[in-house]
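Keep the sequence and the model side by side while you read. The tour starts with terms, then moves to the fold, the helix contacts and a few residues.

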Amino acid sequence: MPAAAPTRVNAAAAATAAPTTGASRATGPVLVAATAAMGLISGLLFAFDVAVMPGLAAGDDRTYVTAMQNINTAITNPVFGTVFLGALVVPAVGTWLLRRSGQSAAALWTAVATLLYTAAVVVTAVVNVPLNDRLAQAGDPAGGMDTTAARAAFDSVWTTANIGRTLLCTAAVVALSRALLLHRRPASR
């Protein structure tokens, strides 16, 4: 048998082997999905920080309140809900898969991402959603509500909380990216 034949067989076996010892085939796709979902949420929040809120700030009170009421209604849809929930569940699943396969360093990073996003969800539930609800309950801007008072009670607190959510989610994207890189490293021999 020629000497080159075993080398080709070994190279082919190495090319089809799992990226790390004990890794599930689902781990890589789960980490990619977690990173994508977190990136989408982070990007959405960032867009509010740098474009939506500054754009609305340039307008009058009635336009501001009307736009935020409409945005808050429009965002409660199945696509957003799936990504919002998925950004919490999928990294947690990734943590479990990585721990199960003995990839503790990568699992640590997905756990960090899960905790960071959990903090962002808590901020959302404690600050942003109640403000959204109060703004909705304030009534119709065209129907004589005090839009100046409604905006004043909403704007600075909501915007500050959103910046915090953006920072938490961006840090979670970085953590998930690190986990993905660690997962793709070949096992040391």
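A residue is buried when its relative accessible area is under 20%, exposed when it is over 50%, and partly exposed in between, with a 1.4 Å probe and protein chains only. This is a predicted model, in which local features need pLDDT of at least 70 and side-chain atom pairs count only at pLDDT 80 or more, while totals for chains, interfaces and linings use all residues. Residues are numbered from 1 along each chain as its sequence is written, and side-chain values use heavy atoms, with hydrogens and water left out.

Start with the whole chain. The secondary structure amounts to six helices and zero strands. Its pattern along the sequence is α-α-α-α-α-α. Helices here are DSSP runs of H or I with at least four residues, strands are runs of E with at least two, and both are numbered from the N terminus. Of the 189 residues in the chain, 33% are buried. Contact means heavy atoms within 4.5 Å. Take the contacts between residues at least 6 apart in sequence: 83% of them join residues at least 24 apart. The chain exposes about 10,400 Å², and 68% of that comes from carbon and sulfur atoms. Such areas come from the Shrake-Rupley method with a 1.4 Å probe, and for residues only the protein chains shown count as cover.

Now turn to the packing of helices. Two packed helices are described by the angle between their axes and the distance between the axes. The axes are lines fitted to C-alpha atoms, for helices over the stretch in contact, and angles run from 0 to 180 degrees between N-to-C directions. Angles under 35 degrees count as roughly parallel, over 145 as roughly antiparallel, 65 to 115 as roughly perpendicular, and the rest as oblique.

Helix α3 covers residues 61–74, and helix α6 covers residues 147–184. Their axes come within 9 Å and cross at roughly 60°. That angle makes α3 oblique to α6. The crossing of α3 past α6 is left-handed: the near helix is turned anticlockwise from the far one by less than a right angle, whereas clockwise would be right-handed. On the α3 side, the contact uses Asp61, Arg62, Tyr64, Val65, Met68 and Asn72. They meet Thr147, Thr148, Ala150, Arg151, Phe154, Asp155 and Trp158 in α6. By class, the contact of α3 with α6 has six nonpolar, three polar and four charged residues. Ala, Val, Leu, Ile, Met, Phe, Trp, Tyr, Cys and Pro count as nonpolar, Asp, Glu, Lys and Arg as charged, and the others, Gly among them, as polar.

Helix α2 (residues 27–57) also packs with α3; their axes come within 9 Å and cross at roughly 140°. α2 and α3 are therefore oblique to each other. Here Phe48, Val52, Met53, Leu56 and Ala57 of α2 meet Tyr64, Ala67, Met68 and Ile71 of α3. What classes make up the contact of α2 with α3? Nine residues are nonpolar, with no polar and no charged ones.

Helix α5 spans residues 104–137, and α3 packs with α5 at an angle of about 120°, with axes 10 Å apart. This pair, too, is oblique. α3 passes α5 in a left-handed crossing. Val65, Met68, Gln69 and Asn72 of α3 make the contact with Asn132, Leu135 and Ala136 of α5. Four residues of the contact of α3 with α5 are nonpolar, three are polar and none is charged.

Finally, look at single residues. Met53 lies in α2. Is Met53 buried or exposed? Met53 is buried, with a relative accessible area of 4%. Beyond neighbours within four places in sequence, Met53 contacts Phe48, Tyr64, Met68, Phe154, Asp155, Trp158 and Thr159. The C-alpha atoms of Met53 and Tyr64 are 9.0 Å apart, at a separation of 11 residues along the chain.

Asn162 is in α6. Asn162 counts as buried because its relative accessibility is 0%. Leaving out residues up to four places away in sequence, Asn162 touches Leu45, Phe48, Asp49 and Asn128.

Leu167 is also in α6. Leu167 counts as exposed, at 59% relative accessibility. Its C-alpha atom is separated by 9.1 Å from that of Leu45, 122 residues away along the chain. Val174 is another residue of α6. Val174 is exposed, with a relative accessible area of 53%. Between the C-alpha atoms of Val174 and Gly39, 135 residues apart along the chain, the separation is 9.4 Å.
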